[in-house]
Amino acid sequence: MFSNMLRTCFAGLLVITGITALQIDAVAEEPKGTIKIIIPAGPGGANDLLARGIKDVLVSEKLVPNTVTVKNRPGGGGAVAWAAINRHKGDMTYLSTFMPGILTNDLLGASPIKYTDMTPIATLVFDNACYAVNPKDPLINSAKSLLKALKNTPEKIRLGFANAAGNHWHVAFASLADAVGVDIRKIPYTVFGSGGKVRTALLGGHINVSSIAFGVVSKFHEAGKLLCSAMATEKRIGGRGANVPTWKELGVNLTYAPWRGVLGPGNLTAGQIKYWEDRFRQLTTKPAWIKLAKRKSWNINFLGHKETMAMLKSERELYKTTLKKLGLLK
Amino acid sequence: MEVLSNLQLGFAEVFTGYNFFFVIMGAFFGTWIGMLPGIGPATGIALLLPFTYDMDTTSALIMLGGIYFGAMYGGAISSVLINTPGDASAVMTAIDGNPLARKGRAGAALFICASASFVGGMLGLIGLTLMAVPLTEFALLFGPAEYFMMMVFAIVATSTLIEGSPAKGILSGVFGLMISTIGIDLQSSSARFTFGQPDLMDGINLLVVIIGLFCISEAFINIERFTTKTDQAPMPVGKLWITKAEWLRSRWALIRGAGIGFIVGLFPGAGGAVATAFAYAMEKRISPHPEEFGKGAIEGIAAPESANNASVSGALIPMLTLGIPGSASTAIMLGALMIYGIEPGPQLFQEHPKLVWGLISSLFVGNFVLLILNIPLIGLWVRLLKIPTEILTVIILLLALTGSYALQNSLADVGLVLVFGVLGYAMRKNDFPTVPMLLGVILGSMLEQSLRQALMLSVNDWTIFFTRPLCAGLLGLSVLCIFGPTIIAKLRRSVVGDPKV
């Protein structure tokens, strides 16, 4: 009688642990058909480089057996692409990348999409935030002249960035302005569809400064056609950017690093998330990815689904305070 | 020599993998498509584009380039043999080509067509190769304001220079701009003109417009033609050779034609049809025996055919360096580039050298392939010309509809293709040109973006469009396109007197 009860209890316990084990360690579901990565920006920018890099390594390292296609859907600071994949809720063959714009868009009321409507899968890298200028520009051609222009003639600055007003690149520049005590609202700016277009505009002298991912301008910096005047990193980054000082070295108290990761449409199941989380965890350890990250000037920083959700939650609060402080959000 | 190393890179690309095979495929299909009455290179590229989605980008572009060139060759064959130009730019070839064929010298006409196409194509390509890189430096001068004015100019020029009423052309272009505003707005990310339809949120796919406007409407027109047309049997080809005297008469016409074609091709809106008309008129004017024109003059075939193929290279320049297309075919190729995720513009040559030089080199190779296809293998085309149009129309419809479904596996797209097909048919029946509308759809969102960027940079100062020299120049050219023809006609009347009086 007692042993019977014990046996039932034991069996029940086994079942419960079984179920919880199943819940914790969901069986990975596999995607069927072509994997479609929709890039939330035009060709040539940081999102584009990241998405195309993901595709290359997924395929070359045989992390997925499926065909992988990429497509650019610029617009609305990413909203167009995210809305596009969210029309396939629960379909794990659609992927996109994300960056802080996903939070600022929603905070500024510019887009109806919140990160919680999507399924963030993993954080992959941090950008090296660079402040690029054209060495031939008469007004702003170095970090020194940039600071001088900020203080004396902010209305003569022509700031360009990708790819939505009030996003992380706008914040990156606003933080610099704030650090030297200038109101960002005094600075005329324009938004381009991708970092590639920003770079072309800077090369042609149509804008005179841009806050941009170093990976997008590194080749031009090396060739001397553009100058990365300073970086908002803790330390010098080495490689192509070894000669670029940090703002701290120049006496400006500023560090800033936009993060980037990969997300799927809303309503992905635990099994679907697990599949992709595993693949991306593997991806970040591949030598091909490490090499690519070095070339594109990304800092590899893998965070899984749960950690990413937590990070997004705390970052959202942080951006809210920053945007308010900078006067970009009322 | 930087040019040589670039070409070396390009030629290496052409002979990598299956690329050479795609050159031949493009040339073959291009010639065939060009031969079909009413179907030009634009339609051909649009029809085959959906099937290149899973191909390597360079291979796909190489094939599209081959189709473009091939269609220019093919257009002449039907002009000469059945007096039905394959497309607008082969109209001039029929004027002298068909009479020569009636004299029993179809072989001579076809031979001069193929050699003129070859020479024109080669000279044009040399121009493209030499000028493209220096022009990318020039293209950096284009900021948002200049881009905006350039696109305005492209649409105005296309609308007014195309045959028919300029007012109808402009209406068509503006309608295209309106279509381009459907979907999520790029700046504010709010939905516009979607009427709550999720299928319209992404905007209207460019290829849907192209396939509907060009392919479906062409099929409708062909169906209509069945009831009225009388089939003309192709002429016997005869000996494929020209006499020494004919060669001497036409050799300078070839060169002049190539020059005119290349320069006219550079300008947006003009394209092959204007280039050939110009080259033909010029030959007739400077010829010592203008009375032979229209009765089988060999120069009358050589000059337009050469101009035709040279204009292709000219038209590729603004497309590749600025990302602004000047003709329907380059517009579709630009659309293709964007679909493959490649941003045309000054950076293209640096960012994707293999792609650009692969394309240019493939055109050189394609030219040789086409020469072989068009001289020794001419018999094949004569046989293909005998396939009834009824069967071809069905094939075109089939390709168009499956292609539009294949775009994103959506039946909504097939429905939209049919809507644009009916619209295109109605426009063509009422002499509204369809090319300005296509250009409006393609350039619409870029145009809007540039305008907003330009105004943000100038802090809402509209005078930048008049005070910046390049802007002012482009604005002047646009105004000239609209009012130029009227003013010239008025001036002539005041000098010569009204012809009616």
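1. In this predicted model, the side chains of A:Arg316 and A:Asp106 meet in a salt bridge, with N and O 3.1 Å apart. A salt bridge here is a side-chain nitrogen of Lys or Arg within 4 Å of a carboxyl oxygen of Asp or Glu. The pair links distant parts of the chain, 210 residues apart: A:Arg316 lies in helix α11 (residues 305-325) of chain A and A:Asp106 in helix α4 (residues 101-107) of chain A. Helices are DSSP runs of H or I with at least four residues, numbered from the N terminus. A:Asp106 is buried, at 11% relative accessible area, whereas A:Arg316 is partly exposed, at 21%. Buried means under 20% relative accessible area, exposed over 50%, and partly exposed in between (1.4 Å probe, protein chains only).

2. The model is predicted, so local features need pLDDT of at least 70 and side-chain atom pairs count only at pLDDT 80 or more, while totals for chains, interfaces and linings use all residues. Residues are numbered from 1 along each chain as its sequence is written, chains are lettered from A in the order in which they are written, and side-chain values use heavy atoms, without hydrogens and water.

3. A second salt bridge joins A:Asp48 and A:Arg52 (2.9 Å, N to O). Both residues belong to helix α2 (residues 46-60) of chain A and stand 4 residues apart, about one turn of the helix. A:Asp48 is buried at 5%; A:Arg52 is partly exposed at 21%.

4. In chain B, the side chains of B:Glu299 and B:Arg249 form a salt bridge (2.8 Å, N to O). This pair too links distant parts of its chain, 50 residues apart, with B:Glu299 in helix α11 (residues 298-321) and B:Arg249 in helix α9 (residues 244-266). B:Glu299 is buried at 4%, and B:Arg249 is partly exposed at 29%. Elsewhere, salt bridges that share partners join B:Arg192, B:Glu448 and B:Arg452 into one network. Over all chains, the count is 20 salt bridges.

5. The contact between the chains (heavy atoms within 4.5 Å) takes 29 residues from chain B and 34 residues from chain A. Together the chains bury about 2500 Å², 51% of it on carbon and sulfur atoms; buried area is the accessible area (1.4 Å probe) that two parts lose on being put together, summed over both. B:Glu343, B:Met456 and B:Leu457 lose the most area in chain B, together 23% of what that side buries.

6. How many salt bridges cross the interface of chain B and chain A? The rule finds 1: B:Glu351 pairs with A:Arg199, their closest N and O atoms being 3.6 Å apart.

Conventions: Helix = DSSP H or I, 4+ residues; strand = E, 2+ residues; numbered from the N terminus.
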